[in-house]
Amino acid sequence: MFAAKSYTSRHYIAIVAMACLCVLLGGPSYAAGAESLIIAGATYYEPGVSGPGWAWTDADHLELNGYAGEAIGAEGDLVLTLAGQNSVTESHAPDADITLCGMEVWGNLTLRGTGTLTATGSQCGIHVSQALAVDGCTVDARADGADITDEAVAGVIAGDMAVRGGGRVVAAGAGSGAGVRAYGVYLQDAGLGDGAAGYQLSVDASWLDASGADGGVACLGGSLVSARFVTPAGGTFGASSVVDASGAVAPHVVIEPDVATPPAGETDGDNVPGDSSSKSPADANPAAGELTTGPTANPALKPAATTTKTSTTVTKTTKPKTATTTTATLPKTGDSNWITASVTLFLLGTVLLAAACRC
């Protein structure tokens with residue numbers, strides 16, 4: 001009987017050891033990032049692909065260097081490194097998955113590098129469901145409102161937005177359709193989840209020039225670090241927008257570093273360097289109301305909850321988005337912790353197997 005029990009014990013030890021090794025070999029070893037990438041009219045599900053002016057090097061990293069083409073979309077967090085001059089334009093193909101934006105990211109997006117990006121679309125130049133960070137690069141995002149009705153139109157639409165590291169952003173929205181509300185930057189809940197902090201703008205020693213008839217910047221709050229409002233005079237963050245000293249919504253907002261010297265040809269920082277067009281709308285609406293997300297059936301501003309859509313030019317198909325709150329800086333997740341756990345499990349499995357063999 002004792003021999004039978006001893007054999008059973010050795011059998012259990014071997015099973016436990018094999019289970020440890022299975023966990024070791026089968027556990028996750030990847031970093032969080034985009035699940036898929038839409039670029040140049042094609043969809044890719046694995047990194048390691050490239051084309052003229054672009055390279056998707058790993059799940060959370062895309063590089064652009066001289067790219068000029070159709071809209072770019074990503075499912076998940078993405079860091080986009082810019083080199084040279086780049087541009088993305090709304091696709092007008094009937095079967096395109098991105099039909100109203102120049103760039104659309106369902107997750108967090110960080111734009112960085114020494115290059116520039118121009119993004120144009122009918123409803124938004126850049127749409128980010130969670131946090132957008134512009135880190136040191138130059139971005140020009142515009143929406144012309146073509147064929148848009150009863151919706152918000154903006155150069156940038158995001159959950160949160162941060163401009164830092166000397167970044168330079170021009171954002172402009174326009175439109176003449178019925179019920180169109182035009183903003184430069186429009187921060188609204190597109191995936192942060194109930195109760196999550198959102199709608200916040202931060203500018204740290206950087207430039208922002210945002211214009212729209214219904215508000216240059218629509219947000220619920222913000223902060224300026226080593227930066228100041230140039231326009232409007234006496235500007236501050238109001239209940240739903242940047243407002244002037246009288247509390248009226250400002251249709252044109254200019255922020256610059258508080259020690260900046262405007263480049264030659266510019267005065268008082270009214271324009272972001274490199275932007276030659278006027279951003280002051282002719283028909284400002286100082287009585288714009290509270291920040292809203294518009295009708296629930298919003299084809300481009302897809303809600304965070306599970307949505308369904310058809311393959312048409314006005315609705316888009318996408319799988320449910322997980323409502324999470326993350327930062328715009330996208331480090332790889334848990335690699336070092338997983339390595340430590342893997343080594344521990346391997347050693348444990350080896351010891352248990354050796355013990356089973358000696359018995």
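The largest nonpolar core of this predicted model has 47 residues, where a nonpolar core is a set of buried Ala, Val, Leu, Ile, Met, Phe, Trp, Tyr and Cys residues joined through side-chain atoms within 4.5 Å. Buried stands for under 20% relative accessible area, exposed for over 50% and partly exposed for values in between, with a 1.4 Å probe and protein chains only. Among the residues with the most contacts inside this core are Leu 64, Ile 126 and Leu 208. Its largest share, three residues, comes from strand S8 (residues 78-83); strands (E, at least two residues) are DSSP runs, numbered from the N terminus. Apart from this core lies another, of 11 residues, including Cys 124 and Tyr 183.

Turning to the sheet, eight strands form an open arrangement in the order S2-S1-S7-S10-S13-S16-S19-S22, with mixed pairing. Two strands pair if DSSP finds at least two bridges between them. Strands S2 (42-44) and S22 (217-218) are at the edges with a single partner strand each, so one side of each has no neighbour in the sheet. Strands S10 (residues 101-106) and S13 (residues 124-128) pair in the parallel sense over four bridges, and Cys 101 stands opposite Cys 124 in S13.

Finally, Ala 210 belongs to strand S21 (residues 207-211) and is buried, with a relative accessible area of 0%. Leaving aside neighbours within four places in sequence, Ala 210 is in contact (heavy atoms within 4.5 Å) with residues including Ala 171, Val 185 and His 252.

Residues are numbered from 1 along each chain as its sequence is written, and side-chain values use heavy atoms, leaving out hydrogens and water. Because the model is predicted, local features need pLDDT of at least 70 and side-chain atom pairs count only at pLDDT 80 or more, while totals for chains, interfaces and linings use all residues.
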